[in-house]
Amino acid sequence: MDLNPHRKAQQRVDRIRAFREELAELERERALTLTPEQRTRLEAHLEGSLAGLTAQFDVDVTESGKRISWGVRIASLLGSAAFFAALVLFLHRIWGALPTTAHFLILLTIPLLVLAAAEFTFRRKTGLYYTALLALTAGVGFVMELTALGSIFNMAPSAHALLAWGSFAVLVAHAYGLRLLLGAGLLLLCTYTASLFAIVEGAFWANSLERPESFIPAAVMVYAMPSLVYRRDRNDFGFVCRICGATLMFTAVLVLSIDGHTSYLRFPARTIETLYQFVGLVLCGGVVFHGVRLGRSGMVNTGALAFVVFLYVKLHAWWWAWMPKYVFFLLIGLTAVLLLYLFRRLRAGISERALT
Amino acid sequence: MKRAMVLAAAGVILAANAWLLISVSRNRSDAPGGTVELTERELHLPSRSGESTAVFLELDWDTLSISPEHPRAPQWLDAAKLAELGFDCRVAVTRATVRNYYRSMRTALVFLVLEYEGEAWKQASPDRKRKTRLFAVDAGRHPHRLREKYADTARYIITRGLVTLRFLERGIPGEKGPPQPRLQGWIDAVLPDRIFVPLPHSKVLEDLRHRGGSSQDRFFAEGGPRFAVTVSWGRNHEPWMSGVRRIAVD
């Protein structure tokens, strides 16, 4: 996995620290003993590497440094949220005294300026966290900008705004290697494609949630995208795509398995629900299997969680109405024990594969 | 490559704004949706929300409904009209599974006709009549056909709205005879239902808002509406305000 330079540098520093700890443990257990000359050369090399990484990427070399960094990040997150809130409230206060042209120019300038600030911090190598914070703020600013302009010009809400916001998020995510922004962008673009189904149908685009199937084509495309697009995945974007695609697909199938009336299919609702319950369980198995093959625990966990939800929904549909409630929860408990056993077997299998 | 991505992202912001301005300009180039002078009855002024100084007017409309319990269910929005609006109403309302079938119908985006001081308002009950004189009287999928039918642009507004279909299993409350299941349309919303008041018009309304409260009851107490606003609905059937005047209250 080839991550972006800052993340990669921090991972190397963490590995060096773990290596030193393990080396000390091996020496205490007398499994390995370095000669003084070897030790001196090794320490010089490690110190040189750490100094180089610290100078170039501003990484944390100690555990306490890492903790302080987190404190700084949280403080800067709260600070930037407070600055943004102050700006929005100030604009609210003066909004009525400004002409429409000024409204337009102010709203247009805010996301562009914040994006320029994100670019500035990235070029100055101030730290990816600050670039990410500013990029996210630019995205929020863009959402607020179009919403406010739509309100000023009395426009009906438009689905095309989702396309603009989604494209912006995906482009900025690719520029700076930001996974959170990529996930947000993909979800916005999937919602946009779902809203197109509603528009073609003559329905209101914002009611696209009423037909969960309209999300499935986009979810499948997002899931399949890594094998087509990210051949050299430097930022682990493939993983984000797979998690977003799988989550969206599971959610759509879960809703359909509960309420068959929301389907495009013209079968009895009960048939549709049974069909999607089956599809859901197969999909969960598929994602778990794919995750095991790729060695991605995140995918395995997502698939397993969805499997548990599907199973409980199905058990509820089967048993809740006619069974005494204490027996129902007893059976749920027993099912959980069985699942624990299965997941432990699965984990043992993954560990075995990793060791060989 | 990274710089190209950032420039493309900035381009997306600029393109979205350009599209928005073109859309607004197109909308305001003509007013096929109608130009009507409405009063405080139809456009009421909400009280200040928080510290915001922006002024908005909220559109208040009514319709001759099937019953007082369902004020947003017009009498004219029956099964035939719903079919005309694109709802598939072919399944008989007496079938066993019909409830779930009609429950799955989606909200439709349609064009609504709002009539100002017309027959619908005259026929309304006295308590509803005094609140607003703007009544939804028809709906359709094609605005130009509606305009042909309701040609008076100073009295009929054509705007966008959301309509849903509901299956009334026990008919309408208070209906004569045994309850009959039926399909009924509901007007969920008029889009948009808020109109921004730009400068210099906002200055005229600002001091009215400072007097506190937003309810229409206040102007009833004061003897009538305190202002009238000229609003046009453009090519995209989106409104904009072109004038405001104060009305002297007796």
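Let's start with chain B. Of its 250 residues, 34% are buried, meaning that 20 or more other C-beta atoms, placed from the backbone, lie within 10 Å of the residue's own. This is a predicted model, where local features need pLDDT of at least 70 and side-chain atom pairs count only at pLDDT 80 or more, while totals for chains, interfaces and linings use all residues. Residues are numbered from 1 along each chain as its sequence is written, and chains are lettered from A in the order in which they are written.

Chain B has eight helices and twelve strands. These are DSSP runs, at least four residues of H or I for a helix and at least two of E for a strand, numbered from the N terminus. Along the principal axes, the C-alpha atoms fill a box of roughly 70 × 60 × 40 Å. Now contacts, with C-beta atoms, placed from the backbone, within 7 Å. Take those in chain B with a separation of 6 or more: 69% join residues 24 or more positions apart.

Next, the interface. Chain B brings 38 residues and chain A brings 39. On the chain B side, helix H1 (2-28) and strand E8 (156-168) are among the elements supplying at least two residues each. H1(B) gives the largest share, twelve residues.

Last, chain A. Where is A:Asn235 found? In the loop between helix H8 (216-228) and helix H9 (237-258). A:Asn235 counts as buried because 20 other C-beta atoms lie within 10 Å. A:Leu178 is 57 residues away from A:Asn235 in sequence, yet their C-alpha atoms are 7.7 Å apart.

Notes
Buried ≥ 20, exposed ≤ 12 C-beta atoms within 10 Å, placed from the backbone. Contact = placed C-beta atoms within 7 Å.
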